[in-house]
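Welcome! Here is a friendly tour of a few packed helices. Please have a look at the structure first.

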Amino acid sequence: MDLYERIPNNVNLANDKKLQRALEKWLPNYIDWWREMGPEGFQEKDVWLRTAVDVGSEGWAHFDYVKMPDYRWGIFLEPPVPDAKVGFGDNYGRPVYQEVPGEFRNALRRIIVTQGDTEPASVEQQRQLGKTCPSLYDMRNLFQVNVEEGRHLWAMVYLLHGYFGRDGRDEADALLERRSGNPDKPRILEAFNQPCDDWLNFFAFTMFTDRDGKYQLSALAESGFEPLARTCQFMLTEEAHHMFVGDTGLGRVVRRTTQLMKEGDVRELGGIPLEIIQKYINFWFSYSLDLFGGEISSNSSDFFAAGLKGRYKEQSQYTEHSAANENFTMMVVEDGQLKPREVPLRNALNELLRTEYVKDCEKGLARWNKILTEAGMGERLYLPNPRFHRHVGEYAGHNFDLQGNLISKETFEQHRSEWLPTIEDREYVRSLMHPVTAPGKIANWIAPPAAGIKGKPFEFEYVRL
Ligand SMILES: [Fe+2]
Ligand SMILES: [Fe+2]
């Protein structure tokens with residue numbers, strides 16, 4: 001691939017003039033959006049970034065200094081599997097769809113638009129963070145995540161332009177018009193309208209909200225609509241780094257806090273107390289759970305039946321791919337009480353995916369708690385019960401404590417400031433956010449990383465200021 005091609009790709013764009021023209025028309029609007037809504041204050045700086053130049057586990061990325069507006073946002077799909085078949089649902093075993101199945105056109109467009117909308121939204125949420133980075137290493141990771149979310153937008157826009165004709169083009173334009181947190185034209189999903197204006201938010205966001213992305217993309221990577229499956233498979237390669245940033249970022253905050261706890265009062269020493277870290281976990285975990293959709297969902301059933309959205313690791317984890325004759329029991333609120341309800345498994349697939357996600361999040365918590373254990377601390381961080389603080393699905397409109405017990409609204413409000421970040425907590429965290437930009441230096445509230453990027457040391461000049 002030519003890194004300096006206008007739109008680097010492995011989809012033979014040069015042979016599809018109509019699509020190429022459409023994307024080249026969208027490109028300047030995208031660059032305008034990036035300049036207006038991308039990282040503020042650093043657009044002309046050289047950043048040591050990886051750029052996707054191919055697919056495959058080896059050598060898919062090129063590392064070099066680049067100014068972000070010059071980043072090559074390419075279109076890369078995993079190579080097709082010869083003779084691929086729909087892997088689940090009612091069309092199991094039939095050839096995969098190369099075109100959008102007519103009766104699911106609207107639903108599929110909605111899935112792609114919703115996924116696509118999250119990508120620029122997160123760039124908008126994070127656009128001020130470069131100004132308060134705890135180190136150059138962290139600043140570079142932030143920008144890496146940002147440019148790759150930009151590429152993920154490209155990935156979805158390619159599908160809209162390539163497979164949905166006129167309305168696909170309109171949707172691609174609208175993706176550049178909505179704005180995170182704007183009351184008149186907000187982003188589609190609520191987690192993507194929440195402010196992400198300090199680095200503790202950023203690490204919690206990349207840990208929990210990017211991880212929702214991993215599970216959505218994994219389910220779509222199983223799709224019988226082949227271009228979507230292959231697109232999402234490659235996006236997952238990049239997504240792994242985003243979660244690494246969040247997971248290790250929070251781990252480094254925990255490590256530093258533990259050091260300060262041994263020295264004295266964490267606040268007086270300018271660190272972030274564990275209680276505040278816990279509240280940020282509660283906040284972002286609960287908002288991220290909402291992204292999976294309702295616990296009981298006829299859409300999830302329809303998408304699975306049609307072979308469009310599978311279960312997590314559908315091919316490697318399951319032997320029976322119809323999911324037609326099983327049931328799933330979940331707790332629902334009935335007559336003011338939590339009661340078990342049995343529903344057809346196909347209607348519970350959002351909940352099933354959410355459960356896989358929770359298991360994955362727990363591994364992160366175990367890593368952070370290991371840091372506390374090794375430092376000889378008795379305190380532990382934890383995930384709240386998935387019913388806590390939900391705004392979507394069965395539990396929305398009810399109140400639960402951190403253990404998932406149904407409680408009154410009054411009780412919830414009495415405890416709100418113990419469970420979720422208060423304005424004072426947020427102000428305190430913000431008060432610690434002073435930029436540290438000398439190579440090899442790090443802010444006081446976070447520990448340095450165990451290693452640098454791609455064999456470079458922590459002291460490397462990841463961003464030339
Ligand atoms: Fe993404
Ligand atoms: Fe991401």
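## Helices α3 and α4

Helices α3 and α4 are roughly antiparallel to each other, a label for angles over 145 degrees. In this predicted model, α3 (residues 136-163) packs on α4 at an angle of about 155°, with the axes 6 Å apart.

On the α3 side, L153, V157, L160, H161 and Y163 meet G165, G168, R169, E171, A172 and L175 of α4; contact means heavy atoms within 4.5 Å. This contact counts 6 nonpolar, 3 polar and 2 charged residues.

## Helices α2 and α4

Helix α4 (residues 165-175) also packs with α2, at an angle of about 20° and with the axes 10 Å apart. The two are therefore roughly parallel to each other, the term for angles under 35 degrees.

From α2, the residues R105, R109, V113, G116, D117 and P120 meet G165, D167, E171 and L175 in α4. Here the classes are 3 nonpolar, 2 polar and 5 charged.

## Helix α8

What does α8 pack against? Its buried residues pack against α2 (105-125), α9 (314-317) and α10 (349-374). Those buried residues of α8 (residues 298-305) are S300, S301, F303, F304 and A305, where buried means under 20% relative accessible area (1.4 Å probe, protein chains only).

At the start of α8, a side-chain oxygen of S297 comes to within 3.3 Å of the backbone nitrogen of N299. Just after the helix, G307 has a positive phi of about 80°.

## Reading notes

Residues are numbered from 1 along each chain as its sequence is written, and chains are lettered from A and ligands numbered from 1 in the order in which they are written. Local features need pLDDT of at least 70 and side-chain atom pairs count only at pLDDT 80 or more, while totals for chains, interfaces and linings use all residues; side-chain values use heavy atoms, leaving out hydrogens and water.

Note on methods. Buried means under 20% relative accessible area, exposed over 50%, partly exposed in between (1.4 Å probe, protein chains only). Helices (H or I, at least four residues) and strands (E, at least two) are DSSP runs, numbered from the N terminus. A polar contact is a pair of N or O atoms within 3.5 Å; within protein, one must be able to donate a hydrogen and the other to accept it, and residues adjacent in sequence count only if both atoms are side-chain atoms. Axes are lines fitted to C-alpha atoms, for helices over the stretch in contact, and angles run from 0 to 180 degrees between N-to-C directions. Angles under 35 degrees count as roughly parallel, over 145 as roughly antiparallel, 65 to 115 as roughly perpendicular and the rest as oblique. Ala, Val, Leu, Ile, Met, Phe, Trp, Tyr, Cys and Pro count as nonpolar, Asp, Glu, Lys and Arg as charged, and the others, Gly among them, as polar.
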